[in-house]
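Hi everyone, thanks for coming. Have a look at the model on the screen, and I'll talk you through a few parts of it.

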Amino acid sequence: MQKRPHYGQYCPLSMAAEILGTRWTLLLLRELLEGSVQFNDIARGVPLISRSMLSQRLKELEAVGLITREAQGPGKPTHYRLTEAGQSLGPIVRSVAEWGQEWIDTKPSLEDVDTDFLMWDVRRNLRLPESLSSPFVLHFHFPDGPDGKTNHWLVYENGKIDICYIDPGHDVDVSIEAGVKDFTSVWMGWLSITQAQEEGRLFVDGPPSLTRDVPEWLGLSSVSAIAKRPPEQRVLRTV
């Protein structure tokens, strides 16, 4: 395990930054705080991290006492769980996300859209009614998405939601079509669903009993209610 760099200061801020300031760490904490416990689920929430780096970071978080690793038995996946110290970081991670939503300009955010993470975030924030038929299939189509990632299916069955990148073969109940940046703007609360539909930037197809309630059950990002600062006050990411 690589030794962490030290700032050489005694203050609690510098020591906390030595633990939390390494690349990927806050994103991994976000996934653990959101309830992911298995290696593959954590990886799906941070799709650009290599599996070797993810393994290293999880070992580092375990070594400093922020997570525990629980073996479930032969042939079963290991579970990673936050310790009390790790759980206590929840408000801090949330505050950093809220600051980013309020102050960082939208342009750099829209340049870095990863459809895999976008769908993972959609999956965990859906508020589907319990009365839905099972399976219930929600199809997303991004015409300008990357190769092999223009279509995504969220399948709700037996109380669980799975993401499919290949047609699962079920009848589709609701379809949503939009450009990647347009849907991301809706998801983050920067563009209302109604405005996106009126401007022809988002299309929803399905029975009226379901499509009229899309703003309610789609959920949107957990920070979507936080308004952006005026453009002249925003922070520009330049690195």
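Let's start with a term: two strands pair if DSSP finds at least two bridges between them. Helices (H or I, at least four residues) and strands (E, at least two) are themselves DSSP runs, numbered from the N terminus. Before I use those, some housekeeping. This is a predicted model, where local features need pLDDT of at least 70, side-chain atom pairs count only at pLDDT 80 or more, and totals for chains, interfaces and linings use all residues. Residues are numbered from 1 along each chain as its sequence is written, and side-chain values use heavy atoms, with hydrogens and water left out.

Okay, strands. β3, residues 136-141, and β6 pair in the parallel sense over four bridges, and Leu 138 has Val 174 as its bridge partner in β6. β6 also pairs with β7, residues 202-205, this time in the antiparallel sense, over four bridges. There, Ser 175 has Asp 205 in β7 as its bridge partner. As for faces, β6 (residues 174-178) has Val 174, Ile 176 and Ala 178 on the covered one, and Ser 175 and Glu 177 on the uncovered one.

Now, helix α8, residues 115-125. Buried means under 20% relative accessible area, exposed over 50%, and partly exposed in between, with a 1.4 Å probe and protein chains only. Eight of the eleven residues of α8 are buried, so the helix is largely enclosed by the rest of the structure. Among them are Leu 118, Met 119 and Trp 120. What do the buried residues of α8 pack against? Their partners are α2, α3, β3, β4, β5 and α9; contact here means heavy atoms within 4.5 Å. At the start of α8, a side-chain oxygen of Asp 114 comes to within 2.9 Å of the backbone nitrogen of Asp 116.

Is Thr 184 buried or exposed? Buried, with a relative accessible area of 8%. Not counting residues up to four places away in sequence, Thr 184 touches Leu 110, Val 113 and Leu 118. A polar atom of the Thr 184 side chain also lies 2.8 Å from the backbone oxygen of Val 180.

Last stop: α2 and α4. The contact between them is made by Thr 25, Leu 28 and Leu 29 of α2, and Leu 54, Arg 57 and Leu 61 of α4.

That's my tour, thanks!

Terms used:
Polar contact = N/O pair within 3.5 Å; in protein donor to acceptor, adjacent residues only side chain to side chain.
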